[in-house]
Amino acid sequence: MSDNKAHHGHGDHSKTYWLVFFALIIGTIVTVGAYFIHFDTIFLTIALALAIASVKASLVAGWFMHLASEQRMIYTILGFTAFFFLGMMLLTIWAMQDTPKPIFP
Amino acid sequence: MDIPYTVMPRRDTGLYNAKLGIWLFLASEVMLFGALFSSYILLRVGSYPGVWPHGLLNVPVGTVNTLVLICSSVTVVLGWAALKANQFAKYRKIQAITLACAGMFCCIKSYEYYDKFTHYEVILKDGRVIDGHLVEKVGGGQLVDGRRQPPEAIVIHGVEFPADAKAAGMAKVPLIHNLEKASGHHLEHKEFRIPWSDTKKVQNYGPWHNTYLAIYFTMTGLHALHVIGGALVIGWIWGPGAAMWKSDPERYTNRVEVSGLFWHFVDLVWIFLFPILYLL
Amino acid sequence: MSQSTKTAHAPAHGAHHSGGDHHDPGFWRTYVFSTDHKVIGIQYGVSSLIFLFMGFLLMLAMRWQIAWPNQPIPVVGPLLEAVLGQPASGGVLGADLYNSFGAMHGTIMVFLGVVPLGFAAFGNYLVPLQIGAPDMTFPRINMASFWSFLVGGLIMMVSFFIPGGAAQGGWTSYSPLATSIPTDGQTYWIIGMVFLITSSLLGSVNFIATVIQLRAPGMGWMRMPFFTWAQFVTAFILLLAFPPLEAAAVLQLMDKVAGTSFYLPTGLITGGKLADISGGGSPLLWQHLFWFLAHPEVYVLILPAMGIVGEVIANNSRKPIFGYRSLVYSVLAVGFISFIVWAHHMYLTGMGTKISTFFQTTTMIISVPSVIILTCLFLSLWGGSIRFNSAMLFSLAFLPMFGIGGLTGLPLGFNFSDIHLHDSYYVIAHFHYVVAPGSIFALFAGVYYWYPKATGRKMNELLGKIHFAGSFVFMNLIFFPMFAQGIAGMSRRMSDGGASYMVSDATADVVGRLAKSVIDANVGISVAAFLLGVSQIPFIINFFMSMFRGEKVTSDNPWDATTLEWQTPTPPPHGNFTESIKVYRGPYEYSVPGAARDFLPQNQPSRA
Ligand code: HEM
Ligand SMILES: [Cu+2]
């Protein structure tokens with residue numbers, strides 16, 4: 001089968017996929033474990049869970065979805081998307097924070 | 001007429017059409033789920049202190065479902081790699097696991113939904129709250145003037161909170177050990193038979209119950225729709241669509257890749273959904 | 001429309017692009033369930049023109065009620081009562097029905113009229129032609145996009161006839177208002193919107209992929225016609241701004257049918273009673289998600305229009321468009337910044353000063369590229385030998401009309417002046433100057449300009465000029481007085497046009513006297529609106545007559561244009577180009593010194 005430069009040599013890639021797989025499993029276990037430990041502050045729990053989730057997400061995106069070696073056009077599109085997504089989320093949160101609290105408790 | 005670059009990548013972009021198409025689609029999906037995640041944050045941060053419920057969901061079940069989805073993700077990519085290496089039979093086998101995982105995910109999810117829909121909070125007229133799973137509804141249900149009659153009594157297996165507990169915010173924190181810590185005494189699980197006439201409000205833990213459950217059902221429901229849609233497409237390519245492997249193997253491989261990209265995205269969404277809904 | 005006899009089919013290729021074969025597709029496959037971008041473009045065009053007309057008729061009924069409150073509408077009133085029953089009892093447009101019509105006027109005009117016409121119709125027909133592509137990248141998805149659009153439109157239409165009528169919460173559908181109205185109209189509205197959003201999603205993926213993947217050899221980015229650039233940016237806006245509204249719509253649907261409280265705060269009182277809801281939601285969340293779409297949406301309404309005007313002006317002034325690169329970069333900038341200005345619609349929601357200042361700043365920044373675009377288009381006229389045909393007249397009128405609409409937006413973008421102007425008829429006047437005499441004029445220009453390509457016949461010039469004169473005069477008579485009404489304090493969305501707030505005692509005080517004159521202006525505006533409708537008759541006649549009677553074009557390029565859509569047979573066959581096409585030059589090489597003719601088509605290799 002003819003091949004194109006986007007995907008090179010596949011046989012050995014399976015190993016990467018398995019490594020990512022195990023990393024994802026470990027990540028899941030660590031997250032759940034941390035949940036049962038109960039840190040003193042909820043912020044630590046949140047930060048840890050989100051940090052692990054981000055790592056897991058990057059693993060999936062980077063290797064399962066081949067984003068680690070994708071074409072420039074895709075990066076450009078996703079770059080804009082990420083910017084607008086963050087804009088939507090952060091500006092909305094900022095707007096909510098910068099609003100006087102409701103009068104009724 | 002033929003559209004160029006349906007199979008082979010265009011030189012300057014290095015992409016074939018469908019690959020660009022799916023990434024554009026995923027970009028819009030990022031914005032869709034991004035808006036939902038933003039809503040989640042907003043509603044949660046904006047909620048009054050202490051009312052956001054914790055521990056309503058079954059963490060071990062959720063963990064298993066996470067693992068199921070991770071498995072399906074790795075099989076999707078391995079199946080595609082097998083096709084790339086010209087091993088059609090191997091692809092068929094591996095991708096079958098993906099489909100099985102998808103089915104399993106949906107089953108587990110349905111079980112979780114069922115569990116929530118049979119979980120009731122009964123507020124009595126005297127202010128006591130009984131919280132637990134529905135055992136049975138006794139009598140009632142017949143149609144009178146086109147309206148269904150309420151049952152005579154409702155049997156719940158669960159715990160009882162004293163009348164002032166709700167005011168103290170206890171009933172809003174259903175995790176039992178939290179409650180016990182808060183109230184200082186042991187809450188006993190048992191069966192309650194409550195005459196309908198004693199009840200002020202009977203409501204199950206559906207999306208209408210509180211904002212947390214609302215966002216839980218909406219986000220996981222939308223995610224489940226994606227799982228189902230993705231599984232249908234992957235299943236079609238795997239089954240009836242596989243004839244294309246003979247006529248146009250490269251195009252077929254591309255299809256598997258593109259459907260796989262969608263599947264990974266669905267997995268990726270779950271990676272965030274799981275902690276924010278189950279754990280935090 | 002004559003059907004091309006050429007079957008542009010290349011059977012030699014191994015991989016066929018779709019399951020179905022096209023050898024003799026038959027009537028249904030050719031005209032109804034077609035995957036050809038040109039047929040889809042025309043389908044979009046015809047249906048959106050019909051929707052535009054309906055949106056306008058709704059508005060005529062409303063204008064009657066505004067000018068002559070609670071009097072039966074002549075002729076139409078009894079008809080309305082017969083069809084809709086109680087809400088139109090006595091042939092009067094009651095307040096509830098006014099609300100329905102208002103909400104649906106906005107929804108239809110925006111989502112079923114201007115966007116499908118400017119983006120989907122013109123874009124579908126022209127973008128593949130202008131970049132030298134055989135079709136859209138995903139023809140069947142393109143077809144799905146149209147059918148999804150039609151289903152969405154039909155759901156909106158059906159909602160007029162359900163008990164309680166169509167949505168009444170305004171096109172903005174603010175919660176809790178929209179979900180507390182106890183009729184089902186809002187549910188239909190949401191479901192209709194989900195279909196429309198799906199449609200535009202499928203469309204935008206197709207547009208972007210087409211422009212990126214299917215440009216003909218030599219068609220570099222900086223050789224793309226301005227129209228295609230505008231469509232490309234528009235497609236990105238649709239792709240990334242619509243999904244949040246879809247999410248918002250799903251949440252609102254849950255509020256409406258599943259009893260959730262995403263947008264319903266604790267302690268909400270509806271109908272005088274504490275609502276039986278779980279509470280804890282945020283009404284502002286809806287506004288954020290809605291405006292995250294709806295501000296970029298106004299650029300979806302205007303960018304295709306600017307694209308059309310750019311093409312028409314370049315062609316009819318016979319000189320290169322001024323500052324092509326500035327135009328392209330400005331369009332890109334506008335598209336980008338349009339995502340971070342949305343909360344300028346929310347200054348009065350109690351936002352804090354810091355965030356207000358942020359959005360005020362971005363709003364001012366986005367006006368810069370808009371002004372650059374307008375300035376470039378104006379300067380393109382300088383020293384040109386202008387042909388005043390109907391298309392050009394509409395394009396020329398677009399410039400000052402959009403200018404008025406844009407400049408009057410600045411006071412709305414400053415939070416301090418917005419406090420006075422917010423939700424008044426000033427706002428109505430402002431955005432209608434952008435979308436009605438603005439976008440709509442440009443779209444008319446597009447119809448006159450490309451009609452010969454699609455049909456092989458030109459539209460009648462005399463009727464076109466009558467159409468233009470009437471539209472131009474009456475549009476201004478309608479919308480200009482609204483600025484004054486708004487500044488004087490007249491609120492929008494009042495079913496009696498503010499009559500119940502009128503102070504008729506001439507000696508009362510200054511404010512009262514002003515109000516009387518302000519209210520009286522309603523009559524003049526409504527008459528002008530009616531006459532605007534009358535001015536469309538020449539257009540309608542022209543549109544249909546010219547298909548059969550119009551002057552036949554003698555060449556494939558009747559306007560002596562440079563862009564590729566004119567280098568195809570007329571009308572273009574399935575597959576568009578009869579020979580393989582290669583691009584040698586930029587899009588606007590008009591009056592090039594030393595060239596044999598005053599225009600050099602993009603695919604012409606040498607200047608001879
Ligand atoms: C050309 C003839 C048109 C006339 C005479 C007209 C007139 C009006 C008037 C008087 C209102 C205010 C109603 C009220 O506040 O009670 C209104 C609202 C509106 N119009 Fe138009 N309009 C026209 C065309 C358009 C077009 C082309 C668009 C969009 C592309 C549009 C979009 C809207 C929207 C979004 C609203 C706000 C609806 C709401 O309050 O929810 N209109 N129109
Ligand atoms: Cu805006």
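**View 1. The interface of chain B with chain A.** Chain B and chain A bury about 4,600 Å² between them, 81% of it on carbon and sulfur atoms; buried area is the accessible area (1.4 Å probe) that two parts lose on being put together, summed over both. On the chain B side, B:Trp23, B:Leu42 and B:Lys84 lose the most area to chain A, together 14% of what that side buries. In this predicted model, local features need pLDDT of at least 70 and side-chain atom pairs count only at pLDDT 80 or more, whereas totals for chains, interfaces and linings use all residues. Residues are numbered from 1 along each chain as its sequence is written, chains are lettered from A and ligands numbered from 1 in the order in which they are written, and side-chain values use heavy atoms, with hydrogens and water left out.

**View 2. The salt bridge between chain B and chain A.** B:Lys19 is paired with A:Glu70 in a salt bridge, with the closest N and O atoms 3.2 Å apart. The term denotes a side-chain nitrogen of Lys or Arg within 4 Å of a carboxyl oxygen of Asp or Glu. One salt bridge is counted between these two chains.

**View 3. The copper ion (ligand 2).** C:His295 (ND1), C:His344 (NE2) and C:His345 (NE2) coordinate the copper ion at 1.7 to 2.0 Å. Donors are N, O and S atoms within 2.8 Å of the metal (3.2 Å for Na, K and Ca); water is not among the atoms, so sites may look incomplete. Along the chain, the donors follow the spacing H-x48-H-H. C:His344 is buried, at 10% relative accessible area, while C:His345 is partly exposed, at 22%; buried means under 20%, exposed over 50%, and partly exposed in between (1.4 Å probe, protein chains only).
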